[in-house]
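Please keep the structure open while working through the points.

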Amino acid sequence: MKLISYRSARQPGVGVMVDQSRFISLRRVLPDLPPSLKEIIGQSSTLKRIADAIKGNDGDLKLEQVELDPVIPDPHATWALALNFQAHIEETGLTTSPDYPQIFQRMPISVVGHGQALWCPDPAVAKTFDYEGELAVVIGIPGRHIPAARALSHVAGYACYNEGSVREFQGHNRQFGLGKNFERSGSFGPWLMTPDEFGDPKTHRVITRLNGVEKQNESLAKMLFSVEQVIHYLSTGYTLQTGDVIVMGTPGALKKPSDYVPGPYDSPRIPGRTRMKPGDVCEVELTGYGILSNPIVADPMPLQG
């Protein structure tokens, strides 16, 4: 199943996709369910009820009629990995532990849903606003000290994530902090695909396009730390909660052709990385899943003198 979090007339709802554009409102077919996807995936018997309730239903709403929220709008925690692909380590020149994943956190205010605008910082604040296409993992069953062999049984589903990053601020200190949490700098969606439909994460690829031009294309099998390893590691010190999000890190950028002429938003340090700027559209695709797409606009909040 593919489940969405959405708003209609400012009211939250949860829907089930029947194709790439139409969905069934759970408020209509199962009015007793909570209007929060986080609450729904925390109830072990609910997904079977939903599957039975939507049989033979062609859908009653279209995505264009609603505003999509991040898949989980209010996670208890979003844990994100840095430097989880060798190509990304090489392009940044950074170092990391070969034994433990490098992890930081993102706040809900920094993330929007599919189709919603990402805010590019004012150039007076920062000029390096980067895309980062990634796999997002959503926890269903809570747990502490979860063995890697049983880790995937705690997963409610998977989604695309654009882990938009403001590089100047990311480099201000040893913790990535604010550079990973600018308001509306990242996105998450469009839907949660359940594990029975998504399958083994290692069989998928993550692809990022900026204005239709492919910028990243890598197999998730090349992640240095797997989904299972990261769930085990996090749960060693923390009881993973229903709705927690784990963002699995971004691959390196594709190399540009030798005759490419750099533009003003290109990175002088990372050869394949073109910055996001107002007027752009960024897409993140997971093969076999779908595409997360967001326009880029200038941050509308005025600078104060």
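This is a predicted model: local features need pLDDT of at least 70, side-chain atom pairs count only at pLDDT 80 or more; totals for chains, interfaces and linings use all residues.

1. Five strands make up an open sheet, and their order across it is 9-19-18-15-16. The pairing within this sheet is mixed. Its edges are strand 9 (118–120) and strand 16 (213–219), each of which pairs on one side only. From one strand to the next, the twist averages 20°.

2. Strand 9 runs parallel to strand 19 (residues 290–298), and three bridges join the two. Within this pairing, C120 is placed opposite A298 of strand 19.

3. Strand 12 and its partners. Strand 12 (residues 155–162) is mostly covered, with eight of its eight residues buried. Its pairing with strand 11 (residues 133–139) is antiparallel and extends over seven bridges; here V137 has Y158 of strand 12 as its bridge partner. Strand 12 also pairs with strand 14 in the antiparallel sense, over four bridges.

4. The buried face of helix 7. Which residues of helix 7 (residues 227–237) are buried? They are V227, E228, V230, I231, L234 and S235. Viewed down the axis of helix 7, the buried residues fall within an arc of 165°, so they line one face of the helix. An α-helix has 3.6 residues a turn, so residues three or four places apart point the same way. The cover over the buried residues of helix 7 includes strand 6 (78–82), strand 7 (102–106), strand 11, strand 12 and strand 17 (245–247).

5. Salt bridges overall. How many salt bridges does a search of the whole structure find? The search finds 20. Side chains of opposite charge can pair when their charged atoms come close.

6. R275 and D130 form a salt bridge in which the closest N and O atoms are 2.5 Å apart.

7. D280 forms a salt bridge with K277, and their closest N and O atoms are 3.1 Å apart. D280 is buried, its relative accessible area being 4%, whereas K277 is partly exposed at 27%.

8. The pair K55 and D52. The salt bridge between K55 and D52 has its closest N and O atoms 3.5 Å apart. K55 is exposed, with a relative accessible area of 63%, and D52 is partly exposed, with a value of 37%.

9. The setting of S185. Is S185 buried or exposed? With a relative accessible area of 0%, S185 is buried. S185 is located in the loop between helix 5 (167–170) and strand 14 (186–193). Apart from neighbours within four places in sequence, S185 is in contact with R106, S110, L118, F129 and G164.

How values were computed. Residues are numbered from 1 along each chain as its sequence is written. Side-chain values use heavy atoms; hydrogens and water are left out. Buried means under 20% relative accessible area, exposed over 50%, partly exposed in between (1.4 Å probe, protein chains only). Contact means heavy atoms within 4.5 Å. Two strands pair if DSSP finds at least two bridges between them. Axes are lines fitted to C-alpha atoms, for helices over the stretch in contact, and angles run from 0 to 180 degrees between N-to-C directions. The arc is that of the directions from the helix axis to the C-beta atoms. A salt bridge is a side-chain nitrogen of Lys or Arg within 4 Å of a carboxyl oxygen of Asp or Glu.
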